[in-house]
Amino acid sequence: MASHRRPKQPSRARVTVLTTAAAAAVALTSQAANAAPVDKPSKDEVKTKVDKLYEEAGRATDKYNGAKEKEEKLQKEISTIQDNVARGQEDLNELREGIGQAASAQYRSGGIDSSIQLFLSADPDDYLDKAATLDQLSSQQVDALKKIQEKQRSLAQQREEANEKLGDLADVRESLGKKKKEVQSKLAEAQKLLNTLTAAEKAALDQEETRASRSAGERVDLGNEVPASQRGAAALAAAATQQGKPYVSGGSGPNSYDCSGLTQWAYAQAGVSITRTTYTQANDGTRITRDQLAPGDLVFFNNLGHVGLYAGNGTVIHAPYPGKVVRYESMSTIGTFQFGVRI
C-alpha cells in the first residue's frame, strides 16, 4: 500500500544557507565579469624589456668568457708547473742516487779512514794521485749535497705555487657556474616575455629588424669613409663574410659568435690578436670619440655591455643577441654609444 506521507520540507536554516551561498556565487561572478582586464604588454613594450634582458645577459656572458679565459690560463700554468716538478724530481732522484753510490763504495772499502788507506800505499806517487782524487771526490760530494738542498727547496716552492693555483682554479670554476646560471636565467626570462607575443607580432618584429639591417647595409655601400687602417679594413671585410651566422653566448667562431667573439675573430683574420671580452677589448687600442670613428674601429655600447665593428655611415656590423644573426645595424638602434677604440 502506497505511503501518503507528505514530503519533508527543508528547514528554514538550510534555506537561508543555500540562499546566502547562491547570492555569494552571483556576486563573485559579477565581480569577475566587471574586474579590469590585465593589460597585456604591447609588442614594443615587450621588445624594450627583452632588449634590456639581452643587454644584462650579454654582460653576464662577457664575465663568463673572462672567467673561462682565466680558467684555461690557470690550467696551462698548473700543467707547466707540474711538468717542471716531475722533471725536477727526476733530477733530485739522480743526485741522491749519486750520493748513495759514493756512500756504498766507502762502506764496501771496509770503512777504514781514507787517509790511513792512502798512507799504507807502497807507491808514493800513487799516494799523491789517490789523495788528489779523494779531495776532488769530496768536493764533488759537497756540491752534490748543495744541489740536492737547492732542488728540494725549489720543488717545495713549485708545489706550493701549484696548490695555490689549484685553489684559484676552484674559485674560478665556481664563478663560472654562477655566471652561466645568470646568463641562462636572463635568457629564460626574455624567452618567457617573447612567448607572450602572438605569431603575427613576432613576425612583425622580425620584419622590422630585417628591413633595418638591409637598410643599414645599403647605407654602408653608399658611404665612402676611409678605413681606420689596412688591418681595420681587413677585419671589417672578414666580419662581413660572417653575416647570417647565429649569435650564441660564448661563441667565438667560425660557426657562431657572441659580440666580442665576432670582433676578436675578425681581427684575428687580419693578423691582429685582441683580447676575448668586451671590457678588455676596450683597452686594446686608443679610445676615440664618435666623430673620429672610421671603418674597422671597435664601437662600444651600454656601459661596455656590447661591442661591434664600425662599418661606416653610422652603421655597425655585430652579433646582436640570442636568436639573431650577425648583421649590419644603425648605431642609433643598438643602444647608448660609449666610445670607439682604434686597434
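## The loop between β2 and β3

Asn 302 lies in the loop that runs between β2 (298–301) and β3 (306–312) of this model, which is predicted. The backbone of Asn 302 has a phi near 50°, a positive value in a residue that is not glycine, and Asn 303, also a residue other than glycine, has a positive phi of about 55°.

Asn 303 is likewise found in the loop between β2 and β3. As for accessibility, Asn 302 counts as buried because its relative accessibility is 11%, under the 20% that sets the limit for burial, whereas Asn 303, with a relative accessible area of 60%, is exposed.

## A cis peptide bond

The peptide bond that leads from Gly 253 to Pro 254 is cis, and its omega is near -5°. Pro 254 has its place in the loop between α6 (230–240) and α7 (259–269).

## The largest pocket

The largest pocket holds about 430 Å³ of space, and its lining is made up of 25 residues, with Asp 51, Tyr 321, Glu 329, Thr 333 and Ile 334 lying nearest the centre. By residue class, the lining of this pocket divides into nine nonpolar, nine polar and seven charged residues.

Several elements contribute to the lining of the largest pocket, for α2 (43–108), α5 (199–222), β5 (327–330) and α9 (331–334) each supply at least two of its residues. Of the contributions to this lining, that of α2 is the most, at five residues.

Definitions and conventions
Residues are numbered from 1 along each chain as its sequence is written. This is a predicted model: local features need pLDDT of at least 70, side-chain atom pairs count only at pLDDT 80 or more; totals for chains, interfaces and linings use all residues. Side-chain values use heavy atoms; hydrogens and water are left out. Helices (H or I, at least four residues) and strands (E, at least two) are DSSP runs, numbered from the N terminus. Buried means under 20% relative accessible area, exposed over 50%, partly exposed in between (1.4 Å probe, protein chains only). On a 1 Å grid over the protein atoms alone, a cavity is a set of points where a 1.4 Å probe fits but cannot get out, and a pocket is an open set with protein on both sides within 12 Å along at least five of seven lines; lining residues have an atom within 4 Å of a point. Grid points are joined across faces, edges and corners, and a volume is the space filled by probe spheres set on the points. Ala, Val, Leu, Ile, Met, Phe, Trp, Tyr, Cys and Pro count as nonpolar, Asp, Glu, Lys and Arg as charged, and the others, Gly among them, as polar.
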